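Have the structure open as you read.

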Amino acid sequence: MNKQRRAISIVSITLALIVMTTLMIGTIAFAAPTSDMLVMDNADMLTRDGVAKIENALYQIYEQTNIEYAIYLAPSLDGKTIEEASLEAGRKLGIGDKEDNTGLLIYVALADREFRMEVGYGLEGVIPDSQAKKIIDCMTSYFKNGNYADGLLAA
């Protein structure tokens, strides 16, 4: 009976290690974004339909350009500056290719009525500060009317 339990334990441990290794390798292999991880609505600003439309648009950008473009919606800045909060979110999410630094992030703090676009260094030639400002400015009129999804889509 002890030999049987020991064999079952060894098989169980082996299977657990195989499953853990497969999951770890799978996580590494699928590092590129999927369409359902491009919008983080922590402020409940968007409807499901709005999230789906934005995620689809951002994923199309990724498919065509290999640029990871994400939206992070926060209830507030929690005492941080918009710059601090957006940089922290971008680093936490790991947006963009680490070597090329080609990530884009729009960060919105609802209660503070502030938003910002973070442009990876690898995209600064393509999207200089003046262009980033135009992209951000196009959202303002939509946001004033509470139409967040269309504002983000316009950007």
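Tyr 62 counts as buried, with 12% relative accessibility (buried is under 20% relative accessible area, exposed over 50% and partly exposed in between, using a 1.4 Å probe and protein chains only). This is a predicted model, in which local features need pLDDT of at least 70 and side-chain atom pairs count only at pLDDT 80 or more, while totals for chains, interfaces and linings use all residues. Residues are numbered from 1 along each chain as its sequence is written, and side-chain values use heavy atoms, leaving out hydrogens and water.

**Aromatic pairs**
- The whole structure holds four aromatic pairs (ring centres of Phe, Tyr or Trp, the latter by its six-membered ring, within 6.5 Å; planes under 30 degrees apart are stacked, over 60 edge-to-face, the rest tilted).
- Tyr 59 and Tyr 62 make a tilted pair, 6.0 Å centre to centre with 35° between the planes.
- Tyr 59 is partly exposed at 24% relative accessibility.
- Phe 115 and Phe 143 have ring centres 4.9 Å apart and planes at 65°, so they pair edge-to-face.
- Phe 143 is buried, at 10% relative accessible area, and Phe 115 is partly exposed, at 21%.
- Ring pairs join Phe 115, Phe 143 and Tyr 148 into a cluster.

**Nonpolar core**
- The largest nonpolar core has 27 residues (buried Ala, Val, Leu, Ile, Met, Phe, Trp, Tyr and Cys residues joined through side-chain atoms within 4.5 Å).
- Leu 46, Ile 71, Met 117 and Leu 152 have the most contacts inside this core (contact means heavy atoms within 4.5 Å).
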